[in-house]
Amino acid sequence: FLLQFTEAPYGRFEASAFLNRWYGPRIPGKIAWIVQEAPNVFFAAMYFVACGDPSRRQAWPNCILLGMFLLHYVQRTFVFPLLIRGGKPTPLIVFLMAFFYCVANGY
(Lines give C-alpha, C1' and ligand atoms only; values in the text may rest on other atoms or scores of the structure.)
Protein backbone atom coordinates (compact mmCIF):
# COMPACT_ATOMS: atom_id res chain seq x y z
CA PHE A 1 0.00 0.00 0.00
CA LEU A 2 2.72 2.44 0.99
CA LEU A 3 4.63 2.04 -2.27
CA GLN A 4 1.68 3.14 -4.41
CA PHE A 5 2.27 6.72 -3.32
CA THR A 6 6.06 6.92 -3.22
CA GLU A 7 9.14 5.16 -4.54
CA ALA A 8 11.03 2.94 -2.12
CA PRO A 9 14.62 4.08 -1.63
CA TYR A 10 16.04 0.85 -3.02
CA GLY A 11 18.16 0.10 -6.07
CA ARG A 12 17.84 2.74 -8.76
CA PHE A 13 15.44 4.80 -6.61
CA GLU A 14 17.93 5.10 -3.73
CA ALA A 15 19.03 8.65 -4.48
CA SER A 16 15.75 10.06 -5.82
CA ALA A 17 13.19 8.68 -3.37
CA PHE A 18 10.95 11.16 -1.63
CA LEU A 19 11.06 11.00 2.18
CA ASN A 20 14.19 8.86 2.01
CA ARG A 21 14.95 9.30 5.72
CA TRP A 22 11.55 7.88 6.77
CA TYR A 23 12.47 4.41 5.60
CA GLY A 24 14.75 3.83 8.58
CA PRO A 25 18.36 2.87 9.05
CA ARG A 26 20.25 0.97 6.40
CA ILE A 27 21.08 -2.74 6.67
CA PRO A 28 24.02 -4.21 4.72
CA GLY A 29 22.66 -5.56 1.45
CA LYS A 30 23.97 -9.13 1.65
CA ILE A 31 22.73 -9.64 5.21
CA ALA A 32 19.34 -8.14 4.41
CA TRP A 33 18.96 -10.37 1.35
CA ILE A 34 19.80 -13.58 3.23
CA VAL A 35 17.55 -12.80 6.20
CA GLN A 36 14.59 -11.59 4.13
CA GLU A 37 14.66 -14.64 1.83
CA ALA A 38 15.33 -17.28 4.52
CA PRO A 39 11.66 -17.81 5.55
CA ASN A 40 10.94 -19.28 2.10
CA VAL A 41 13.40 -22.09 2.71
CA PHE A 42 12.76 -22.71 6.39
CA PHE A 43 8.95 -22.58 6.40
CA ALA A 44 8.56 -24.76 3.31
CA ALA A 45 10.90 -27.42 4.68
CA MET A 46 9.42 -27.23 8.19
CA TYR A 47 5.82 -27.62 7.03
CA PHE A 48 6.71 -30.48 4.74
CA VAL A 49 8.42 -32.41 7.55
CA ALA A 50 6.16 -31.52 10.49
CA CYS A 51 2.68 -31.08 9.04
CA GLY A 52 0.25 -32.88 6.85
CA ASP A 53 -0.56 -36.41 5.90
CA PRO A 54 2.51 -38.70 5.72
CA SER A 55 1.22 -40.32 2.53
CA ARG A 56 1.28 -36.94 0.81
CA ARG A 57 4.90 -36.43 1.84
CA GLN A 58 5.83 -39.69 0.12
CA ALA A 59 4.10 -38.88 -3.16
CA TRP A 60 6.66 -38.33 -5.94
CA PRO A 61 5.00 -35.23 -7.45
CA ASN A 62 5.00 -33.49 -4.06
CA CYS A 63 8.63 -34.38 -3.44
CA ILE A 64 9.69 -33.20 -6.90
CA LEU A 65 7.83 -29.89 -6.62
CA LEU A 66 9.13 -29.20 -3.13
CA GLY A 67 12.63 -30.16 -4.22
CA MET A 68 12.50 -27.71 -7.13
CA PHE A 69 11.14 -24.98 -4.84
CA LEU A 70 13.85 -25.60 -2.23
CA LEU A 71 16.67 -25.78 -4.79
CA HIS A 72 15.57 -22.46 -6.23
CA TYR A 73 15.28 -20.73 -2.87
CA VAL A 74 18.47 -22.20 -1.41
CA GLN A 75 20.32 -20.77 -4.40
CA ARG A 76 18.41 -17.47 -4.19
CA THR A 77 18.83 -17.17 -0.42
CA PHE A 78 22.31 -18.44 0.35
CA VAL A 79 24.35 -18.52 -2.90
CA PHE A 80 23.25 -15.44 -4.87
CA PRO A 81 23.90 -12.89 -2.07
CA LEU A 82 27.47 -14.11 -1.75
CA LEU A 83 28.00 -13.50 -5.47
CA ILE A 84 26.82 -9.87 -5.31
CA ARG A 85 29.70 -7.45 -5.78
CA GLY A 86 29.41 -4.39 -3.60
CA GLY A 87 25.70 -3.90 -3.21
CA LYS A 88 23.86 -1.02 -1.64
CA PRO A 89 22.45 -1.11 1.87
CA THR A 90 18.73 -1.77 2.21
CA PRO A 91 16.44 0.53 4.21
CA LEU A 92 14.83 -1.12 7.23
CA ILE A 93 11.23 -0.63 6.03
CA VAL A 94 11.99 -2.12 2.60
CA PHE A 95 13.73 -5.04 4.31
CA LEU A 96 10.74 -5.65 6.59
CA MET A 97 8.27 -5.53 3.70
CA ALA A 98 10.35 -8.09 1.78
CA PHE A 99 10.74 -10.26 4.89
CA PHE A 100 7.02 -10.43 5.59
CA TYR A 101 6.27 -11.10 1.93
CA CYS A 102 8.67 -14.06 2.05
CA VAL A 103 7.09 -15.30 5.29
CA ALA A 104 3.70 -15.39 3.50
CA ASN A 105 5.29 -16.93 0.40
CA GLY A 106 7.01 -19.66 2.39
CA TYR A 107 3.83 -20.42 4.29
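Q: What should I know before I start?
A: Residues are numbered from 1 along each chain as its sequence is written. In this predicted model, local features need pLDDT of at least 70, side-chain atom pairs count only at pLDDT 80 or more, totals for chains, interfaces and linings use all residues, and side-chain values use heavy atoms, leaving out hydrogens and water.

Q: Where does helix 1 bend?
A: Helices are DSSP runs (H or I, at least four residues), numbered from the N terminus. A bend is the angle between axes fitted to the seven residues ending at a residue and the seven starting there. Helix 1 bends by about 35° at Glu37, and Pro39 follows within four residues.

Q: Which residues make up the largest nonpolar core?
A: Such a core is a set of buried Ala, Val, Leu, Ile, Met, Phe, Trp, Tyr and Cys residues joined through side-chain atoms within 4.5 Å. Here they're Val41, Ala44, Leu66, Leu70 and Tyr73. Helix 3 (60-83) gives the most, three residues.

Q: Is Thr77 buried or exposed?
A: Buried means under 20% relative accessible area, exposed over 50%, partly exposed in between (1.4 Å probe, protein chains only). Thr77 has 0% relative accessibility, so it counts as buried.

Q: What does the side chain of Thr77 reach?
A: A polar contact pairs N or O atoms within 3.5 Å; within protein, one must be able to donate a hydrogen and the other to accept it, and residues adjacent in sequence count only if both atoms are side-chain atoms. The side chain of Thr77 reaches the backbone oxygen of Tyr73 at 2.6 Å and that of Glu37 at 3.4 Å.

Technical notes. Helices (H or I, at least four residues) and strands (E, at least two) are DSSP runs, numbered from the N terminus.
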